[in-house]
Amino acid sequence: MNGGRPLLDAKRLVKVFGSGHTAVRAVDRVDLDANAGEVTLVMGPSGSGKTTLLTMIGGLLRPTEGSIEVDGVEVTGLGKVELARFRRETVGFVFQSFNLLETLTAQENVEVALNVAGVSGERAHERATELLAAAGLEERLDFRTRDLSGGEKQRVSIARALANRPRLLLADEPTANLDSRHGLEVMELLRGLARDQGCGVVAVSHDARLERIASRAFWLEDGRLGPAVRDS
Ligand code: ADP
Ligand code: MG
């Protein structure tokens, strides 16, 4: 928290792709906030604008209109270099497709991310071990990630996303490639990490079963965000 303000405060966000009569309003005047220590979930069918919303929050896509404040910083006001730094230092990303280096081990995948974040050698090795243990993977450190199950792969990618100690963890359909048991395990892990590490988690998913593990949940439809369907 910063002075009682939410970690994420997005206002009147709009993203229009294309122009003229082929223009698509993928995100349409969305207000969304999210607190540290909590999982905030945005649910919606395919094509409702979830990825567009999340990538704008993470500084990967410029909004057409609106403002995005993360940890007191107005992301839309950042220049190219500052934006790259924001992505590197403030946010962590988790994707549906894991995006791991499949021929490297779990430990090596996390170490690579630590190296990028400026941590190397023995320190990187120890920290990677810690992060993977926190994700319940102490028995899988030396497995090549191609040999892991989907749920284990996603847990490696979550450990990797935490390498830079992000304030905000953004997860795009983190359970879509998993069966429901492993999907719930991954969401429970995200919830535990938010609580224990104090980061904020914003997850988007078409899977309404995830609603019960979120602190707050919303529906997105045709780019429009509805009122909270869950607020615990
Ligand atoms: P979701 O993640 O909920 O499936 P998306 O955010 O990917 O939805 O897409 C929302 C809408 O925006 C869709 O109609 C999609 O076709 C459109 N869209 C997404 N990205 C682009 C793009 N780069 N160019 C044009 N249209 C896009
Ligand atoms: Mg998507």
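**Nonpolar cores**
- The largest nonpolar core has 40 residues, and V110, L132, V156 and I158 touch the most other members. Such a core is a set of buried Ala, Val, Leu, Ile, Met, Phe, Trp, Tyr and Cys residues joined through side-chain atoms within 4.5 Å, where buried means under 20% relative accessible area (1.4 Å probe, protein chains only).
- At least two residues each come from β3 (39-43), α3 (106-116), α4 (121-134), α5 (150-161), β7 (168-172), α6 (180-197) and β8, and α6 gives the most, with six residues. Helices (H or I, at least four residues) and strands (E, at least two) are DSSP runs, numbered from the N terminus.
- Apart from this core lies another, of 28 residues, with V30, L54, M56 and L168 among them.

**About the model**
- This is a predicted model: local features need pLDDT of at least 70, side-chain atom pairs count only at pLDDT 80 or more, and totals for chains, interfaces and linings use all residues. Residues are numbered from 1 along each chain as its sequence is written, chains are lettered from A and ligands numbered from 1 in the order in which they are written, and side-chain values use heavy atoms, leaving out hydrogens and water.

**The open sheet**
- Four strands make an open, antiparallel sheet in the order β2-β1-β4-β5; two strands pair if DSSP finds at least two bridges between them.
- The edges are β2 (24-34) and β5 (73-74), each pairing on one side only.
- β1 (residues 8-17) and β4 (residues 65-70) pair over five bridges, and D9 stands opposite E69 in β4.

**S215**
- S215 sits in the loop between β8 (200-205) and β9 (216-221).
- Its relative accessible area is 18%, so S215 is buried.

Notes:
Buried < 20%, exposed > 50% of the residue type's maximum accessible area, 1.4 Å probe, protein only.
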